[in-house]
Amino acid sequence: MAAIRYELIKKCKQTGARLGRIHTPHGSFDTPVFMPVGTQATVKGMSPDELKEIGAQIILSNTYHLYLRPGQEIIREAGGLHSFMNWDRSILTDSGGFQVFSLDSLRKIEEEGVTFKSHIDGSRHFISPEKAVEIQNDLGADIIMCFDECTPYPAEYDYVKKSLERTTRWAERCKKAHKNTEKQALFGIVQGGVFGDLRVQSAKQLVELDFPGYSIGGLSVGEPAELMYEMLDITVPLLPEDKPRYLMGVGSPDYLVEGAIRGIDMFDCVLPTRIGRNGTVMTSRGRLIVRDAKYARDFSPIDPECDCYTCRNFTRAYVRHLLKVNEVLGIRLTTWHNLRFLINLMKKVRQAIMDDRLGDFRNEFFRNYGYDANN
């Protein structure tokens, strides 16, 4: 019995985007969906009840960080991530590959796996594909990821080719190591940088391995947006219609809408929480830096069109004051708003798909937000 099941509900006649639902051991969620990132088994500044209030259906946690602190054994003893963090809805964990490879000078890649130094205390560690799966089995998330190498941008063709071929071999090893198949769905990760033929090679190899879902990695790592869209246009049609498609590490509003149009079901990114902590908020009319002095006497909501707790109860002037005096409530309110904004954006995207007007929605949203709808 499969751990998850993808249900296709409708395709948009205007764009071909798809509306779906993914069923997991901890409930179902509607797609396309944005997943808040809870790196350390918590979404920074938000309680589980608050996440539910803003409409979060699934959250992501980070294997690398949880492996280092508090350790997989402690989380296993606690009954897994769901019990440990008191979250009874779906959870996805990444494999730790992106974090390990971003260490750069602190790691060494070999066929067997990766040796790296902890960014916390410099201690040495080794993660193989088998180890990455073992950690995630202990964490107990509903959806887990194969161990892969996320190549940087730019990177030479030959290096990217060797890397994706190793990623495919690692995916085979991950699949063999994964034992908890009835409760956890293991996704393969398509790599290949910004080289179309390599994306095709990677996608075809992974589809042959027959995973219950597929992630697209190695994008939104510094390449121009048009290159990312080109890679999606090449890759997505090669992935099975009856399985989820997850674009990793993408969370800006334009990428979410464009990704949905191209058939992506799942997205995640630290963007809304990170910029929120720095005083930047997303609104229906574009980004706004609420810390700026011009908002000191602005007694309107952050976004008059938003229904979040922050916008219903507080003004730009008050939020700015909290941020300027380093009150924790300030970053909680900006985080709350940004997460609700993206979750609500995806709700609107789903409705636009249902109404066969996602292309029109895209143009209207981009025009209001300040994007060029022709690019």
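## Notebook: cavity, pockets, sheets and helix pairs

I started with the lining of the largest cavity, which is made by Val33, Phe34, Gly55, Ala56, Gln57, Ile343, Met346 and Arg350. I noted which elements give two or more residues to this lining: strand E4 (33-35) and helix H14 (328-354). H14 gives the most, with three residues. I keep in mind that this is a predicted model.

**Entry 1: the cavity.** I looked up how many cavities of 30 Å³ or more the structure holds, and there is one. The largest cavity has a volume of about 50 Å³. Next I sorted its lining by class. Five residues are nonpolar, two are polar and one is charged.

**Entry 2: the largest pocket.** What is the volume of the largest pocket? I found about 890 Å³. The pocket is lined by 40 residues, and the closest to its centre are Asp94, Phe98, Gln99, Gly249 and Val270. Which element has the largest share of the lining? I wrote down H5, with five residues. By class, I listed 15 nonpolar, 16 polar and nine charged residues in the lining of the largest pocket.

**Entry 3: the second largest pocket.** Here I noted a volume of about 280 Å³. The lining has 17 residues. Nearest the centre of this pocket lie Ala2, Ala3, Asp210, Phe211 and Pro212. E1 and strand E11 (185-190) each supply at least two residues of the lining. The classes for the second largest pocket are nine nonpolar, three polar and five charged residues.

**Entry 4: the sheet E1-E2-E3.** E1 turned up in the pocket lining above, and I followed this strand into its sheet. In what order do the three strands stand? I read E1-E2-E3, an open sheet with antiparallel pairing. The edge strands are E1 and strand E3 (27-31), and each pairs on one side only. From one strand to the next, the twist averages 15 degrees.

I then went through the pairs of this sheet. Strand E1 (residues 5-11) and strand E2 (residues 18-24) are antiparallel and share six bridges. To see one of the pairings, I picked leucine 8, whose bridge partner in E2 is glycine 20. E1 and E2 form a hairpin, with six residues between them. I checked the turn and found glycine 16 with a positive phi of about 90 degrees.

How many bridges join E2 to E3? I found five, and these two strands run antiparallel. Arginine 21 has aspartate 30 as its bridge partner in E3.

Entry 5: Another open sheet has three strands in the order E7-E8-E9, with antiparallel pairing. Its edges are strand E7 (107-109) and strand E9 (124-127), each pairing on one side only. On average, neighbouring strands here are turned by 15 degrees against each other, direction ignored.

**Entry 6: helix pairs.** My rule for this entry: two packed helices are described by the angle between their axes and the distance between the axes. I took helix H9 (residues 225-235) and helix H10 (residues 253-261). They pack at an angle of about 25 degrees, and their axes are 11 Å apart. Roughly parallel or oblique? H9 and H10 are roughly parallel to each other, because angles under 35 degrees count as roughly parallel. I also noted the hand: H9 passes H10 in a right-handed crossing.

Then I turned to helix H6 (residues 129-139) and helix H7 (residues 157-177). Their axes come within 8 Å and cross at roughly 40 degrees. H6 and H7 are therefore oblique to each other. The crossing of H6 past H7 is right-handed.

Conventions. Residues numbered from 1 in each chain as written. Predicted model: local features only at pLDDT ≥ 70, side-chain atom pairs only at ≥ 80, totals over all residues. Heavy atoms only, no water. 1 Å grid on protein atoms, 1.4 Å probe; cavity = no way out; pocket = protein on both sides within 12 Å on 5 of 7 lines; lining within 4 Å. Points joined across faces, edges and corners; volume = space filled by probe spheres on them. Helix = DSSP H or I, 4+ residues; strand = E, 2+ residues; numbered from the N terminus. Nonpolar A, V, L, I, M, F, W, Y, C, P; charged D, E, K, R; others polar. Pairing = 2+ DSSP bridges. Axes fitted to C-alpha atoms, helices over the stretch in contact; angles between N-to-C directions. Parallel < 35°, antiparallel > 145°, perpendicular 65-115°, else oblique. Left-handed = near helix turned anticlockwise from the far one by under 90°.
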